[in-house]
Amino acid sequence: MEAEYEMVDVTSLVPDLASDQGERAVSTRLLTIPDVEAVVVDLETKGVTVHGLDDTIALRATIESAGYQAA
């Protein structure tokens with residue numbers, strides 16, 4: 001029997017995110033995480049919202065692997 005998990009929205013601030021290229025890099029990396037269903041990047045607010053499991057450690061590590069610091 002598989003466990004059921006609640007899907008949540010987690011938003012991280014990524015202060016250095018400023019371009020479409022950065023948006024694509026971060027989104028592409030985050031979408032490789034199992035159970036991440038969607039990623040929304042807002043360049044104006046520097047926010048990255050992930051719809052999926054609530055694992056902020058994995059999300060931050062993945063953003064950092066794309067070359068950006070997550071706050």
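This is a predicted model: local features need pLDDT of at least 70, side-chain atom pairs count only at pLDDT 80 or more; totals for chains, interfaces and linings use all residues.

A: Residues are numbered from 1 along each chain as its sequence is written, and side-chain values use heavy atoms, with hydrogens and water left out.

Q: Which strands pair with β3, and in what sense?

A: Strands are DSSP runs (E, at least two residues; helices are H or I, at least four), numbered from the N terminus. Two strands pair if DSSP finds at least two bridges between them. Here β1 (residues 8-13) runs antiparallel to β3 with six bridges, and β2 also pairs with β3 in the antiparallel sense over six bridges. G47 of β3 stands opposite L13 and is the bridge partner of D42. Four residues lie between the strands in the β2 and β3 hairpin, where K46 has a positive phi near 65°.

Q: Which residues touch the most other members of the largest nonpolar core?

A: In soluble globular proteins, nonpolar side chains tend to be buried together. A nonpolar core is a set of buried Ala, Val, Leu, Ile, Met, Phe, Trp, Tyr and Cys residues joined through side-chain atoms within 4.5 Å. The largest one has 16 residues, and V26, L30 and V48 touch the most other members. Two or more residues come from each of α1 (20-30), β2 (36-42), β3 (47-52) and α2 (56-65); β2 gives the largest share, three residues.

Q: Is T62 buried or exposed?

A: Buried means under 20% relative accessible area, exposed over 50%, partly exposed in between (1.4 Å probe, protein chains only). T62, in helix α2, counts as buried because its relative accessibility is 13%. Leaving aside neighbours within four places in sequence, T62 is in contact (heavy atoms within 4.5 Å) with R29, L30 and I33.
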